[in-house]
Amino acid sequence: MFALLLKDWLLLRKERLVIAVVFIALALGVAAGDAGSGFFAAGSGIATIILLFPSYIAVSYSNAYDFKYGCEPLLACLPPGRDAIVGSKYLLALAANLLIPAAALLRALSAALGLGGDAFPFELFATSFSLSLILAAVELATYFRFGYMKSRWAAMAVFACAGAIAGIASGAVDTGSSPAIGIAAGGNAAGGSAAFPLLLLGAGTILFALSWLYSVRTYKKKEF
């Protein structure tokens, strides 16, 4: 499984540069604002969408390369088995999603050391991470069930809907009392301001797990 994961990661040569640029920009706070306003505000829809790019790029382009070079039938015959193929794709999505908490911790460290920027708002982290899980869950389930072409359209649809959800989250949080993710504690939600992001985080985690199980079951039955 991990060899397949490495294969997917190494294929993303150009895409790794894009992911690195997004990560560095977020971590160092190039577009930083005040804790309650600006680009990194608790309810910033623009920042939420940008945080989805690493997962979206990693999953979409790894699937695209397999489709382009006709690797899917060959991979299905390899000794690791089809469950390992499915697992490698989901681990890739999860690894890309982990860049979000990593960026949060680095931004908190930067703020603590006085290097600029403010700590990462909890609501922004929870909403972005949740939507990334949902995006990967829908795209990968569609990919293993219907193939790459239909999964591409499903990913575009979910990505478009993510903007609407980010807007709902923006109105559901109290940016004036936004708790921030600290270096060690990781942040605590205050009152009802974090209710929607926490519910979204739970829904995203459950959907991701169910999608993984569904894809394993579906892909084992798929014929090439």
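Predicted model: local features only at pLDDT ≥ 70, side-chain atom pairs only at ≥ 80, totals over all residues.

Biologist: How many salt bridges does the structure hold?

Modeller: For the structure, the count of salt bridges is four.

Biologist: Take Asp 66 and Lys 7, which meet in a salt bridge: how many residues apart are they?

Modeller: Their side chains come to 3.0 Å, N to O. Asp 66 sits in helix α3 (residues 45–68) and Lys 7 in helix α1, so this pair links distant parts of the chain. The separation is 59 residues.

Biologist: Which helices does the salt bridge between Lys 89 and Asp 8 tie together?

Modeller: Those two side chains meet at 3.4 Å, N to O. The pair ties together parts 81 residues apart in sequence, because Lys 89 and Asp 8 lie in helices α5 (residues 82–97) and α1.

Biologist: And Asp 66 with Lys 89: how far apart are the closest N and O atoms?

Modeller: Here Asp 66 is in helix α3 and Lys 89 in helix α5, so the bridge joins parts 23 residues apart in sequence. Lys 89 is buried, with a relative accessible area of 4%. The closest N and O atoms of Asp 66 and Lys 89 are apart by 2.7 Å.

Biologist: Back to helix α1: within what arc do its buried residues fall?

Modeller: Helix α1 covers residues 2–11, and its buried residues are Leu 4, Leu 5 and Asp 8. Looking down the axis, they line one face of the helix, because they fall within an arc of 105 degrees.

Biologist: Which exposed residues does the face turned away from that buried side carry?

Modeller: The buried side has Leu 4, Leu 5 and Asp 8. The face of α1 turned away from it carries Phe 2 and Ala 3.

Biologist: Last one, on aromatics: which residues form one aromatic cluster?

Modeller: Searching the whole structure turns up nine aromatic pairs. Elsewhere, Arg 82 lies over the face of Tyr 219, 5.4 Å from the ring centre. The cluster you asked about is Phe 53, Tyr 56 and Phe 159.

Notes: Residues numbered from 1 in each chain as written. Heavy atoms only, no water. Phe/Tyr/Trp six-rings, centres within 6.5 Å; stacked < 30°, edge-to-face > 60°. Lys NZ or Arg CZ within 6 Å of the ring centre and 35° of its normal. Buried < 20%, exposed > 50% of the residue type's maximum accessible area, 1.4 Å probe, protein only. Helix = DSSP H or I, 4+ residues; strand = E, 2+ residues; numbered from the N terminus. Arc of directions from axis to C-beta.
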